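Please walk me through this structure.

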Amino acid sequence: MKASVSKGVWAFGALLSVLVALVSYRYVAGVGLMAPNVMANRFVQPWLVLHAGGASTALLIGAFQFMPRVRASGPWLHRWLGRTYAAGCLIGGVSGLALAAGTSAGPVAAWGFGLLAVAWIFTTLQAWRFARTRRFEAHRAWMVRSFALTFAAVTLRVYIPLSPLAGVHPEEAYVAIAWLCWVPNLAIAELWLRSRPALVAARA
Ligand code: HEM
């Protein structure tokens, strides 16, 4: 029962990730609706195309790396998807940092997005380092943290349409969401890891 609930949660998260990633590639193709507040970002050129390309690729791939079947089907698939995921996070993270500095939403949002970018780059590099040194439990734990941050792209897009329902002005909500889209994700990932002693023991 517990396993089927967590499989259901994973499948729902993976579906949302794929949908958000595919829709976000429109910024790379330059077609469809562009968020006006984002187009007002001071560093939109050239960073948004790089960001949407790299980060969407990480979001598209990330959830599938946790599937035992992907790992079992041969280490090369997991390895190549992992390299693509990490490259997507690093490109998305560096460009995300530039976009954070240029946001039109003010300094509190800039710090929220900026710290998310730093945490995203850090957790991904840690995961990569532990894979290279074959410390796979630690690698897995850092990948859980990294993907919890990648998933901020989904939680942000869930919270934005919910904010008018909560009676909050969209501009004020956006500032709060710059933090809310990732801090709870990371806290949930940490609690989940703590419920798995083998992964926690390998945290260092
Ligand atoms: C996890 C670290 C991330 C950081 C630090 C970050 C940062 C940012 C920032 C600062 C902006 C501009 C916001 C503004 O000007 O107010 C932005 C926009 C955007 N980001 Fe990210 N982002 C991250 C993850 C992702 C992911 C995983 C995706 C994948 C879909 C993504 C896709 C986009 C897109 C498509 C936009 C354009 C605007 C929109 O449609 O909301 N980002 N990001």
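Tyr174 sits in helix H10. Helices here are DSSP runs of H or I with at least four residues, strands are runs of E with at least two, and both are numbered from the N terminus. Tyr174 counts as buried, at 17% relative accessibility. Buried means under 20% relative accessible area, exposed means over 50%, and partly exposed lies in between, with a 1.4 Å probe and protein chains only. Beyond its neighbours within four places in sequence, Tyr174 is in contact with Asn37, Val38, Thr103, Ala105, Phe113 and Ile160. Contact means heavy atoms within 4.5 Å. Gly106 is 68 residues away from Tyr174 along the chain, and their C-alpha atoms are separated by 10 Å.

A word on the basis of these values. This is a predicted model: local features need pLDDT of at least 70, side-chain atom pairs count only at pLDDT 80 or more, and totals for chains, interfaces and linings use all residues. Residues are numbered from 1 along each chain as its sequence is written, and side-chain values use heavy atoms, with hydrogens and water left out.

Now the whole chain. It has 12 helices and 0 strands. The radius of gyration is 17 Å, close to the 17 Å that the globule rule gives for 204 residues, so the chain is as compact as a globular protein of that length. That radius is taken over C-alpha atoms, and the rule is 2.2 Å times the number of residues to the power 0.38. Along its principal axes, the C-alpha trace spans about 45 × 35 × 30 Å. Of the 204 residues, 41% count as buried. Among contacts with a separation of 6 or more, 72% come from residues 24 or more positions apart.

Next, the interior. In soluble globular proteins, nonpolar side chains tend to be buried together. The largest nonpolar core here holds 34 residues, and Tyr85, Phe113, Leu116, Trp120, Leu149, Cys181 and Trp182 touch the most other members. Such a core is a set of buried Ala, Val, Leu, Ile, Met, Phe, Trp, Tyr and Cys residues joined through side-chain atoms within 4.5 Å. Helices supplying at least two residues of this core include H1 (2–24), H4 (44–62), H6 (75–102) and H7 (107–132). H7 gives the largest share, 7 residues. Tyr85 touches Ala58, Ile61, Gly62, Trp120, Met143, Ser146, Phe147 and Thr150, not counting residues up to four places away in sequence.

Ser24 lies in helix H1. Is Ser24 buried or exposed? At 11% relative accessibility, Ser24 counts as buried. Leaving aside neighbours within four places in sequence, Ser24 is in contact with Ala52, Ser56 and Arg157.

Two backbone details deserve a look. Most residues other than glycine have a negative phi, and most peptide bonds are trans. Gln45 and Pro46 are joined by a cis peptide bond, with omega about 5 degrees. Pro46 has its place in helix H4. Arg134 is not a glycine, yet it has a positive phi of about 60 degrees. Arg134 is in the loop between H7 and H8. Its relative accessible area is 61%, so Arg134 is exposed.

Last, charge. The chain has 18 positive and 4 negative side chains, and the centres of the two sets lie 18 Å apart. Lys and Arg count as positive and Asp and Glu as negative, while His and the chain ends are not counted. Each charge is placed at NZ of Lys, CZ of Arg, CG of Asp or CD of Glu.
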